[in-house]
Amino acid sequence: MSYQTLQQWLEQEEQTNGLPSELTRLVLSVADVCREISYEVSKGALAGVLGVAGTENVQGEEQKKLDVISNELMMKAVLGSGVVAACASEEMDHCVPAQAGERRPYLICFDPLDGSSNIDINVSIGTIFSILPNPHEDAASPTDDDFLQPGNRQVCAGYVIYGPQTQMVFTVGRGVVMFTLNPDDNTYLLTSPNVQVPAQAKEFAINCSNMRHWEAPVKRYIDELLAGKTGVRGKDYNMRWIAAMVAEVHRILCRGGIFMYPRDNRDPSKPGKLRLMYEANPMSWLMEQAGARATNGHESILNIRPEKLHQRVAVFLGAAEEVERVTSYHTAD
Ligand code: F6P
Ligand code: MN
């Protein structure tokens, strides 16, 4: 069986659906650099890159955390693509503009290594990205404010997961495609051309250690799932928690389910844990493109007008019927 390569798929999109060649260039830059990140991740302790940044290894060289290395690699790659006017990252307080010069069409935000608590224990992690249009018509240097566009303005979003396999999953607004990195020749091959998430679910993901802090609608929804066959839902549910959003989303795209990181009562100023711009928005668009849903309990995440680059948001995403049910419990309150 022969698979289409990422490059072939992008060229076909250019020809049949008018995908801009600049976007092809950026997606290929992200794919290439994530291959490097995947390689660094795979070396693990052997590369001396695990642990805390700022410490020194036995040779007295500075050790860098994998998330710092990934951030540097991503930044260099996307700014070097020639089509990005500025990038923003979980690892940096403010956006970094490209060198002054000509106008470049895109902004990109990323979480260079999501699920970093999994790094040291050899469990799946990944790089999440969200590409937005550059609102400037001229060569002006973008600022943080230029990134504050709702998720429904994204032109491409996705992630690369580093697990037993390295896979790149993204959307340009015409469904969700999944490519697998072939370790034999380092090419990304199209292994799932049209990912769909079933509307019903039998698996849920939430960090239950926070249960005592949850708000009433979330407590009610989870209580009903836990009641299983004997409760109002009339069926048993299974539970998973990988503690890396990228891996939870990947599982849902592969076999369905719902993932939640609600806001809770600990710190009312924090509306959730996950970040809107480079975690919730790209994952929410993937969900909607795969026939699933994503809300903050009240409205579609993609409609939220961001106010800050590192804004946090409550997240309920996955199987449409489940997300709609837990959202209705919030709005009924
Ligand atoms: O980026 C934040 C993150 O690591 C997500 O990837 C993950 O879903 C979540 O935090 C894990 O949270 P907790 O520490 O509560 O398990
Ligand atoms: Mn993250």
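1. Two strands are said to pair if DSSP finds at least two bridges between them. Helices (H or I, at least four residues) and strands (E, at least two) are DSSP runs, numbered from the N terminus. In these terms, an open sheet of five strands has the order β10-β9-β11-β15-β13, with mixed pairing. Strands β10 (238-239) and β13 (293-295) stand at its edges with a single partner strand each, so one side of each has no neighbour in the sheet.

2. Some conventions apply throughout. This is a predicted model, in which local features need pLDDT of at least 70 and side-chain atom pairs count only at pLDDT 80 or more, while totals for chains, interfaces and linings use all residues; side-chain values use heavy atoms, with hydrogens and water left out. Residues are numbered from 1 along each chain as its sequence is written, and chains are lettered from A and ligands numbered from 1 in the order in which they are written.

3. Residue T295 stands opposite F316 of β15. Helix α5 (residues 245-255) packs on this sheet and touches β9 (203-205), β11 (258-261) and β15, its direction making about 30 degrees with that of β15. Contact here means heavy atoms within 4.5 Å. Axes are lines fitted to C-alpha atoms, for helices over the stretch in contact, and angles run from 0 to 180 degrees between N-to-C directions.

4. Helix α5 also deserves attention for its burial. A residue is buried under 20% relative accessible area, exposed over 50% and partly exposed in between (1.4 Å probe, protein chains only). Nine of the 11 residues of α5 are buried, so the helix is largely enclosed by the rest of the structure. Among them are M245, V249, H250 and L253. The helix is followed by G256, whose phi is positive, near 85 degrees.

5. A second open sheet has eight strands in the order β2-β1-β3-β4-β5-β6-β7-β8, again with mixed pairing. At the edges stand β2 (96-97) and β8 (187-192); each has a single partner strand, so one side of each is left without a neighbour in the sheet. Strands β5 (residues 156-162) and β6 (residues 166-171) run antiparallel and are joined by six bridges. The bridge partner of I161 in β6 is Q167.

6. Strand β1 can be followed residue by residue. Six of its six residues are buried, and the strand is mostly covered. With β3 it pairs in the parallel sense over five bridges, and C87 has I108 of β3 as its bridge partner. With β2 it pairs in the antiparallel sense over two bridges, and A86 has P97 of β2 as its bridge partner. Strands β1 and β2 form a hairpin with six residues between them.

7. Helix α2 (residues 21-43) lies across β1 (84-89), β3 (106-114), β4 (125-133), β5, β6, β7 (177-182) and β8, and runs at about 20 degrees to β5. The axes of α2 and helix α1 (residues 6-17) come within 10 Å and cross at roughly 165 degrees. The two helices are therefore roughly antiparallel to each other, a term used for angles over 145 degrees. Their contact is made by L6, Q7, L10 and E14 of α1 and by S21, T24, V27, L28 and A31 of α2.

8. Distant parts of the chain are linked by D111 in strand β3 and E279 in helix α6 (residues 276-289), which are 168 residues apart. Both D111 and E279 are buried.

9. Two backbone details remain. Most residues other than glycine have a negative phi. N122, which is not a glycine, has a positive phi of about 60 degrees and is found in the loop between β3 and β4; at 74% relative accessibility, N122 counts as exposed. N186, also not a glycine, has a positive phi of about 60 degrees and is placed in the loop between β7 and β8. With 38% relative accessibility, N186 counts as partly exposed.

Notes. Angles under 35 degrees count as roughly parallel, over 145 as roughly antiparallel, 65 to 115 as roughly perpendicular and the rest as oblique.
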